[in-house]
Each structure stands twice: as C-alpha cells, then as structure tokens.
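Biologist: Could we go through this model together? I would like to begin with a single side chain and then turn to the whole chain.

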Amino acid sequence: MLKLAVEGARRNKKHSGICGQAPSDYPEIAEFLVKIGIDSISLTPDTVLKTIRQVIELEKHMIAIS
C-alpha cells in the first residue's frame, strides 16, 4: 500500500511523506521508503542522526548503480 501511495503521489506531482513510528523503530522501513521514492520521513528525535546517515549512504549507493 505504501508503494502504491508513493507512486500515485509521484505520478500526480504531489508530495509524499510519512509520519509515524515505523521508520524510527525499523531501519528497513526507512530504507524501503527511500527506495520507492518517498519525499519525506518524520522520525523520533533519538533516531534522526542514525537514520539520516543511513539514508545518505543508501542514496549514494542508488546513484552509483544508476
């Protein structure tokens, strides 16, 4: 469902973002969201730095393979 929502937003030139605990608690969810092209992810304060670092590395890797 998340993938369909993000794809639909992108197709209709709308911002897509998610607010909730999942990206903070489960790094694999944040990774999945980045891979499907979400525009923003809200995080709990205690996970912001760790998740930002993870997203930066993932985006570097995605650029390198494209």
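Modeller: The side chains of threonine 47 and serine 24 form a polar contact at 3.3 Å. A polar contact is a pair of N or O atoms within 3.5 Å; within protein, one must be able to donate a hydrogen and the other to accept it, and residues adjacent in sequence count only if both atoms are side-chain atoms. This is a predicted model, in which local features need pLDDT of at least 70 and side-chain atom pairs pLDDT 80 or more, while totals for chains, interfaces and linings use all residues. Residues are numbered from 1 along each chain as its sequence is written, and side-chain values use heavy atoms, with hydrogens and water left out.

Biologist: Where is threonine 47 placed?

Modeller: Threonine 47 sits in the loop between strand S2 (40-41) and helix H4 (48-65). Helices (H or I, at least four residues) and strands (E, at least two) are DSSP runs, numbered from the N terminus.

Biologist: Is threonine 47 buried or exposed?

Modeller: Threonine 47 is buried, at a relative accessible area of 12%; buried means under 20%, exposed over 50%, and partly exposed in between (1.4 Å probe, protein chains only).

Biologist: And what percentage of the protein chain counts as buried?

Modeller: Of its 66 residues, 26% count as buried.

Biologist: Changing topic, which pattern does the protein chain follow?

Modeller: Along the sequence the pattern is α-β-α-α-β-α, with four helices and two strands.

Biologist: What box do the C-alpha atoms fill?

Modeller: Taken along the principal axes, the box is roughly 35 × 30 × 15 Å.
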